[in-house]
Amino acid sequence: MHISALPALNDNYIWIIQQQQGAPAVVVDPGDAQPVFDWLASHQVELASLLVTHHHWDHTDGIEPLLQHYDVPVYGPRNSKFKAISHALEEGDTFTPAGLSHAFTVLETPGHTLDHISYVTDSAVFCGDTLFSAGCGRMFEGQPEQFHQSLQKLAKLPGTTAVYAAHEYTLANLRFAAAAEPDNQAIHEATLAISELRAAGQPSLPSTIATELAINPFLRAESATAFAKLRQWKDQF
């Protein structure tokens, strides 16, 4: 697969997946339609389908405008508040999005929201706002036990799995990670590397599961209680 990062809004990434360059596009979490329209036009590519991880506006507001111009399937969580989903999915479902030949497996990853799902292929996970590089999403609807379980589910993916999160939060997350684990050399090395990437105008993503196991204090939390304390500290950081 060929995967492109499309910056949108303040710090979102809309992920564009193609079987190969020039092929129709599968778009993940389009919170804004205009960058997608512009990208499709500049690359002379058709839209094939849309993937939704959860209902928040910055992941879904671009969908209705896109559907006014493209009659494509919208894949998303079965229990979502977002009503434009045409193909409802739940834990363990396997499907092949229109426009691709790669199968995706669905993991339910509640915590940030109750309807959150993640999309897993043999080499990548599109995890929305559940897992960020060096961090995780805020706990708006779920409970600590749910969120911790969701993160542990992602942590069990192969270490080489590329992590396509939905926001460019990595440097801010690394500052907190360094406070939480001041003796973790991997965090300090990641901070230097990511700082160079961002200074060059490059995205910090994708990360990998192996990297996150080394630098992400939320993946390293040993219990839901430890996760809850860490999440509360991060909210006040």
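Two strands are taken to pair if DSSP finds at least two bridges between them. In this predicted model, six strands form an open sheet of mixed pairing, arranged in the order E1-E2-E3-E4-E5-E6. Strand E1 (2-8) and strand E6 (87-89) stand at the edges of the sheet, and because each has a single partner strand, one side of each is left without a neighbour. From one strand to the next, the twist averages 20°. Within the sheet, strand E4 (residues 47-51) and strand E5 (residues 74-77) run parallel and are joined by two bridges, and leucine 50 has valine 74, in E5, as its bridge partner. Helix H1 (residues 33-43) packs on this sheet, where it touches E1, strand E2 (12-18), strand E3 (25-28) and E4, and the direction of H1 makes about 135° with that of E1.

In H4, the buried residues are Pro144, Phe147, His148, Ser150, Leu151, Leu154 and Ala155. These residues cover an arc of only 160° around the axis, and therefore lie on the same side of H4. The exposed residues Glu145 and Gln149, by contrast, are carried on the face of H4 turned away from its buried side. An α-helix has 3.6 residues a turn, so residues three or four places apart point the same way.

In helix H5 (residues 170-180), Thr170, Asn173, Leu174, Phe176 and Ala177 are buried. Seen down the axis of H5, the buried residues fall within an arc of 165°, so they line one face of the helix. The elements that cover these buried residues of H5 include strand E11 (131-132) and strand E12 (135-136), together with helix H6 (185-199), helix H7 (209-215), helix H8 (217-220) and helix H9 (224-236).

The cysteines were considered next. With a disulfide taken as a pair of cysteine sulfur atoms within 2.5 Å, the count comes to zero disulfides. The sulfur of cysteine 127 has its closest cysteine sulfur, that of cysteine 136, at 11 Å, which is too far for a bond. Cysteine 136 is likewise in no disulfide, the nearest cysteine sulfur being that of cysteine 127. Cysteine 127 is buried, with a relative accessible area of 0%, and cysteine 136, at 5% relative accessibility, also counts as buried.

Terms used. Residues numbered from 1 in each chain as written. Predicted model: local features only at pLDDT ≥ 70, side-chain atom pairs only at ≥ 80, totals over all residues. Heavy atoms only, no water. Buried < 20%, exposed > 50% of the residue type's maximum accessible area, 1.4 Å probe, protein only. Helix = DSSP H or I, 4+ residues; strand = E, 2+ residues; numbered from the N terminus. Arc of directions from axis to C-beta. Contact = heavy atoms within 4.5 Å. Axes fitted to C-alpha atoms, helices over the stretch in contact; angles between N-to-C directions.
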